[in-house]
Amino acid sequence: MRTGAQILWECLIGEGVKHVFGYPGGAILPAYDALCGYPEIHHVLVRHEQGATHMADGYARAGGGVGVAMATSGPGATNMVTGIATAMMDSSPIVCITGQVGSKFLGTDAFQETDITGITLPITKHNYLVKRAEDVAPTLRAAFQLARSGRPGPVLVDITKDAQQSSCEFDRSAYIPMALTEGKQNFDADQYATAIDMINASERPVILAGHGVLLSNAMDELREFAERASIPIAMTLLGIGGFPASHPLNLGMMGMHGEAWVNHAIQEADLLLAFGMRFDDRVTGTLKTYAPHAKKIHVEIDPAEINKNVRVDIALLGDVRQVLTRLIPDLAREDRQRWLHYIDELKGDSAVRDIQKLPDSGHLYAAHVIHDLWRETNGNSIVVTDVGQHQMWEAQYYKHEQPRSLITSGGLGTMGFALPAAIGAKFARPEAEIWVIAGDGGFQMTMAELATAAQEELDLNIAVINNGYLGMVRQWQEFFYDRRYSATPLLSPDFAKLAEAFGLLGITARSRNQVAPAIREARQRRGTALINFMVEQEDSVFPMVPSGAALHQMIRRPSPLVETAASEA
Amino acid sequence: MVRTFIVYVADHPGVLNRVSSLFRRRGYNIESLTVGHTHLPEISRMTVVVAIDAQGAPLVEANLYKLPEVLHVHDISSVPSLHRELVIVKVAASQDVRPEVMRVVEAFRARVLEVATESLVIEATGSEDVIDSLIEGVRPYGILEMTRTGRVAMTRGSAPVFAPGQVPPKGAAPFWNSGHLTVLRNCS
């Protein structure tokens, strides 16, 4: 006989779980009491349940497994909502386990009772309310399978206190995780033949590589596909890392803050090959003028994404890797010299606008910080970003060669994501160097998790890009609201001293020549180090496609930069 | 235009909530939704009428299939099918107009459920058009109260839309025949 609480832990162990990010409380107390009997589980005590969900999310994204977060009922559960929604939007497999009041008290507004299955209904793949010990094991099996299968995502299991306390028969040795279910596929020979004909006949094709490439481990297939047919690849934010940045066919990130040549290539393409991406409004600009000359082929595991935002000509449903494997043998070898040469010419114009060409004027630009960080780490670090200007600069200036090396909240755009997600990532990839890049605004949302990093004695590096504003909002106010900086100037603590208060190393860098030494000092330090980079306050991210504009109608980097660079040359 | 979907779902608490929540958050406008038991144990059937164009219909279907408790979806909008709706209407019918009301009742092959001193309760089944006409027919006498069930539908011909043990339909929920339904029944 086992209690429901014991069964819970034994199921988690059966699923291969080694780390659980959580916070105890009344309704989950029996589970925490039983935890004492399972030393093979490393429980990470967070400082806020939102942190637990982001940690589980970062753990899943960095390592490819399922992240597990745990909380008590009521406020513990509701604090998880932001992290669950973040995982849902970015297709990250996490299982959240919440305690619930005893089944006899359900529906009575009991102390710390909340309808968390009702609350999380639209932001989970599915959720369960478990009221009997007998149902704990089959529910967890199903929850893990669902989280991982098809398009991954979050699943919540709410377990009443009496289900944790009561006992039933359970054979731990018989616990086997459920096999993943196949997603919907349409290996229709005609569709594939048509797709191949369209690709082989195209003169100006562009691949749009999304998160699905990483989730299906299709990196090798993507590379083979692109090289064989000489098709350039534009990346979505979450697709970054799915194809090496240094590869000549990698154009870089597309969309609102994509480089001009990437967006121009998409707008002028005669064929778009969308691999595991969902045509988010941040990558398309206005749909009316999106890639007007291009036929579109969509490779996607989720049928509900087909024709949701952009009408496509061919939809190949299924796992990106499986679909590409079927397409590659029939793909004609092409060199597409004219098209690639044309895109190269587009790059020339942008290169002179690059902030890296600016001489050191004594001002510290965030782009410099990211660029130097990339150089110092040889592009080999896992970078976990928060949301805002620094996130876009990271995507532009840190060149990712490896999959799962950029972890960022794309769909939901959750400020406060970076630090807890990095903590989770560190547990999934303890050998990896991990950098948090966060703004002064987002970092303050979850900086309490510094205590978690300290308690766990983690070796993290944190770069706070401190410009004294909620920078991305300020940028919009500058461009679109007549510079009325409403509620965006931001007072921050001395982040270096704050780090010291947690027993961590804190460094402040104010000029370009302090950047590399600070990065080196942080890297050499065992344990977590935080660098507070005091950067130019009113810097903006360029290029920028204004909301509602066509993808090629970008606000380019300001011309003074071009003139300065030109006069230097 | 409106389209009609037959949706087989596991007969669990909360399923209706999950389906209606999906329609709400995706902005699909429900014209009517009916749900009830089927002859199959633990399986319920919904008839959902949605205001959506032909391009949007596959998205409704695909989104429904993302709910693990949805077993089968069939868009019967372009399939020969039978549509029925039931209405119960309480009409003011004093002695002097009652014969006229009764003529309307007979014309629509409706039934009288209750005769009170100042009113009649009328029941009718038929397509929405017939029901609409009946309502207009009795409206001049004064409708005191009325309730409509919304559309229920069934395809013509002998092949059922869905049968237990049949091969998983394209796009079937991931837990088809996996024993998952028991879990869902106990824990949803």
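This is a predicted model: local features need pLDDT of at least 70, side-chain atom pairs count only at pLDDT 80 or more; totals for chains, interfaces and linings use all residues.
Let me start with the overall division of chain A, which falls into domain 1, covering 2-174, domain 2, covering 189-348, and domain 3, covering 355-541. If we take the centres of domain 1 of chain A and domain 2 of chain A over their C-alpha atoms, they are 37 Å apart. Where these two domains of chain A touch, 5 residues come from domain 1 and 5 residues from domain 2. On the domain 1 side of that contact in chain A, we find 1 nonpolar residue, 2 polar residues and 2 charged residues.

Now to the sheets of chain A. One of them is an open sheet of 6 strands, and if you walk across it in chain A you meet the strands in the order 3-2-4-5-7-6, with parallel pairing. Which strands form its edges? They are strand 3 (42-45) and strand 6 (126-130) of chain A, each of which pairs on one side only. From one strand to the next, the twist averages 20 degrees. Looking inside this part of chain A, strand 5 (residues 94-100) and strand 7 (residues 155-160) run parallel and are joined by 6 bridges, and T98(A) has D158(A), in strand 7 of chain A, as its bridge partner. Packed on the sheet is helix 3 (residues 49-63) of chain A, which touches strand 2 (19-22), strand 3, strand 4 (67-71) and strand 5 of chain A, and whose direction makes about 170 degrees with that of strand 4 of chain A.

Further along chain A there is an open sheet of 6 strands in the order 16-15-17-18-20-19, where the pairing is parallel. Its edge strands are strand 16 (406-407) and strand 19 (505-509) of chain A.

Chain B gives us antiparallel examples. Strand 5 (residues 81-92) and strand 7 (residues 119-126) of chain B pair in the antiparallel sense over 8 bridges, and V91(B) has L120(B) as its bridge partner. Strand 7 of chain B is also joined by 4 bridges to strand 6 (residues 111-115) of chain B, again running antiparallel, with R111(B) standing opposite E123(B). A hairpin through 3 residues connects strand 6 of chain B to strand 7 of chain B.

Let us turn to the interior. In soluble globular proteins, nonpolar side chains tend to be buried together. Here the largest nonpolar core has 177 residues, and among those with the most contacts inside it are A69(A), L208(A), F275(A) and V436(A). A second, separate core of 24 residues includes V19(B), M46(B), Y65(B) and V70(B).

Finally, why is helix 17 (residues 389-397) of chain A described as largely enclosed by the rest of the structure? The reason is that 9 of the 9 residues of this helix of chain A are buried, including H390(A), W393(A) and Y397(A). The buried residues of helix 17 of chain A pack against several elements of chain A, among them strand 11 (250-253), helix 16 (366-376), strand 17 (434-439) and helix 21 (471-480).

Key. Residues are numbered from 1 along each chain as its sequence is written. Chains are lettered from A and ligands numbered from 1 in the order in which they are written. Domain bounds come from an automatic or database domain assignment. Two residues are in contact if their C-beta atoms, placed from the backbone, lie within 7 Å. Ala, Val, Leu, Ile, Met, Phe, Trp, Tyr, Cys and Pro count as nonpolar, Asp, Glu, Lys and Arg as charged, and the others, Gly among them, as polar. Two strands pair if DSSP finds at least two bridges between them. Helices (H or I, at least four residues) and strands (E, at least two) are DSSP runs, numbered from the N terminus. Axes are lines fitted to C-alpha atoms, for helices over the stretch in contact, and angles run from 0 to 180 degrees between N-to-C directions. A nonpolar core is a set of buried Ala, Val, Leu, Ile, Met, Phe, Trp, Tyr and Cys residues joined through C-beta atoms within 7 Å. A residue is buried if 20 or more other C-beta atoms lie within 10 Å of its own, exposed if 12 or fewer, and partly exposed in between; C-beta atoms are placed from the backbone.
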